[in-house]
Amino acid sequence: MPGGGDRHSLWFWLAIGVATLWLATTSVHRIGPQERGIVTALGSFSRTLTPGIGLTLPAPLERVKVIDVEEIRTIDIGATGEGEKLMLTGDQNIIDLAYSVRWNIRSPEMYAFEIAEPEKTIGEVAESAMRAVVATVSLDDALGAGRTMIEQQVRERMQDILDRYNSGIRVQGIAIKQADPPAAVNDAFKEVSAAQQTAQTYRNEAQAYAQQLSAKAEGEAAAFDKVYAQYKLAPEVTRRRMYYETMEQILSGLDKTIIEAKGVTPYLPLPEVSRRAAQVPSVSSTQGAGQ
Amino acid sequence: MNGFPLRNGVVIAVVATVLLILMGSTFAVVPETRQAVIVRFGEPVRIINPYQPGEKFGQTGAGLHIRMPFTDQIVWIDKRIQSVEMDRQQVLSTDQLRLQVDAFARYRITDPLRMYIAAGSEERVSEALRPILGSSLRNELGKRQFAALLSPERGAVMDNIRISLNRVARQYGAQIIDVRIKRADLPDGTPLQSAFERMRTAREQQALTIRAQGAKQAQLIRADADAKAAEIYATSFGKDPAFYDFYRAMQAYNVTFGSNARGQTNVILSPDNDFLREFKGR
């Protein structure tokens, strides 16, 4: 039976081929540097494959589940655009928080076998921990200075809870992306920062006044001191000189009337004088008379 | 010769199928994540891979197990930690404040046999736990003041709830690992609006205070500046008050009557004036 023999060997080689393919795909596993392979032998955990090429018995005797342990995964909670995530703070105010949780897998075995829905669990634990921590701080802290502290505390609290579940999860960090007052009261909060600006403006104006005044005082005092130093050297002369100079300067530009008669009350109808002055724009004639 | 291999093939196929079915119903692969109760004619006879605290993976009951074909049925029960979420509850605190609470409990079925007898399936366990979680939460929170829910005391509240829920859960072969409040919010409507109103007025008051403080500080700065200027003047001018009087008078005359002064000034001088002393030509 040459034909039968051919067919036989064809089937034979086909079977060998399928079996080899089967072996190759189910018993040789390439585990990347960031991965671990959980090997279960008929359901029972056998070993963990480390990065490299891992050999196992072919399926269904041994199965491998590859888990990426290094990848940092992120869960966003209260992401912007899906409405407000309002929380009560310790002083019974309300804050709108959005944050994200970064996590990776510390123990692939625990991660694979201990928790039914890891992602959902992390989300719930994060929310619970965040609310618990925010409930201990004041609104102002949560809005500003206390953020780092909150992130830190939430991380610790989450890790604590997840460790108690033997989840094999490591919480890398919490990032508060947004911490705002609720939209309904936002205007009042803006009013506060406006008031801070106004108050700063008041202070700045006062500072400017103070500096101006101080400079003026110092300048005048310094000028006086300088003049006084000269005056001390020759008091009488300096005094007279200053007097004449000042008078000269003043009187040279003014209308002057000198009344010489003794015993005459120096009374003048002043309105008359001012009218005359108004009518005559040029004062040179009177000046000339004065001289 | 033509029919023989065909018949042969059919026989082999039938035998193989029967063998496969037989093997499938005899051998059971129990994974690490599941517990199994073997039920024979409705009566549980064996538990495979039950949860034991502190067990190591690989040394548990997971693996290949043999059962009586066709008569033994397997009831699978999850071995992992599961979650039951409570419907949102309105809780009234002792100081008559309403709060909307979302909570969840995590549990694990630790006694599969009891669970199978008492509940039958896993869904029924969580269905049984859910209302009890709700009611024990309401009871426990209803005994507290609103502020206590926002304080570290919350931990103690949660422990009480966990203990009372655990008592019930044990009847279903489950163990409560923890109970946590996911959200505790003021309900929409009046409570939320009045909280917003309180926040708003508090901020408005803060804004007013900040402005007033700013004005006050500004005033203090000005007053300090005035005082300092006065001091500078006094130190300098105080050295010779008489000369200051003269010096300042000269300046004042200059400003008042000088070329930059506003208004028309006419001066009437008497020859007795000191300025005109030399005018007479002594």
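1. Two strands count as paired if DSSP finds at least two bridges between them. With that in hand, the predicted model can be read at one bridge of chain A: in S3(A), A:Ser44 is the bridge partner of A:Ala41. The pairing to which I turn next is that of strand S2 (residues 35–41) of chain A with S3(A), which runs in the antiparallel sense over 5 bridges.

2. The sheet of chain A is open and consists of 3 strands in the order S3-S2-S5, with antiparallel pairing. Its edges are strand S3 (44–49) and strand S5 (62–68) of chain A, each of which pairs on one side only, and neighbouring strands of this sheet are turned against each other by 25° on average, direction ignored.

3. Chain B also has an open sheet of 3 strands, in the order S3-S2-S5 and with antiparallel pairing.

4. As to the overall make-up of chain A, its secondary structure comes to 9 helices and 10 strands, and buried residues account for 27% of its 291 residues. Of the contacts in chain A between residues at least 6 apart in sequence, 67% join residues that are at least 24 apart.

5. Helix H5 (residues 147–164) of chain A has 18 residues and reaches 26 Å from its first C-alpha to its last, close to the 26 Å expected at 1.5 Å a residue. Its buried residues are A:Ile150, A:Val154, A:Arg155, A:Met158, A:Ile161 and A:Leu162; seen down the axis of H5(A), they fall within an arc of 140°, so they line one face of the helix. An α-helix has 3.6 residues a turn, so residues three or four places apart point the same way. On the other side of H5(A), A:Thr148 and A:Asp160 are exposed.

6. The cover over the buried residues of H5(A) includes helix H3 (118–134), helix H4 (139–143) and strand S9 (169–180) of chain A. Just after H5(A), A:Asn166 takes a positive phi of about 55°.

7. Helix H6 (residues 186–233) of chain A has 48 residues and reaches 71 Å from its first C-alpha to its last, close to the 70 Å expected at 1.5 Å a residue. Among its buried residues are A:Ala188, A:Ala195, A:Tyr202, A:Phe224 and A:Tyr231. The buried residues of H6(A) pack against helix H7 (235–252) of chain A together with H5 and H6 of chain B.

8. The contact between the chains takes 79 residues from chain A and 74 residues from chain B. Elements that each supply at least two residues of the side of chain B that touches chain A include strand S8 (98–109), strand S9 (174–185), helix H5 (190–237) and helix H6 (241–257) of chain B. H5(B) gives the most to that side, with 26 residues, and the residues of the side of chain B that touches chain A divide into 37 nonpolar, 17 polar and 20 charged.

9. The bridge partner of A:Thr257 in S10(B) is B:Ile268.

Methods:
Residues are numbered from 1 along each chain as its sequence is written. Chains are lettered from A and ligands numbered from 1 in the order in which they are written. This is a predicted model: local features need pLDDT of at least 70, side-chain atom pairs count only at pLDDT 80 or more; totals for chains, interfaces and linings use all residues. Two residues are in contact if their C-beta atoms, placed from the backbone, lie within 7 Å. Helices (H or I, at least four residues) and strands (E, at least two) are DSSP runs, numbered from the N terminus. Ala, Val, Leu, Ile, Met, Phe, Trp, Tyr, Cys and Pro count as nonpolar, Asp, Glu, Lys and Arg as charged, and the others, Gly among them, as polar. The expected span of a helix is 1.5 Å times one less than its number of residues. A residue is buried if 20 or more other C-beta atoms lie within 10 Å of its own, exposed if 12 or fewer, and partly exposed in between; C-beta atoms are placed from the backbone. The arc is that of the directions from the helix axis to the C-beta atoms. Axes are lines fitted to C-alpha atoms, for helices over the stretch in contact, and angles run from 0 to 180 degrees between N-to-C directions.
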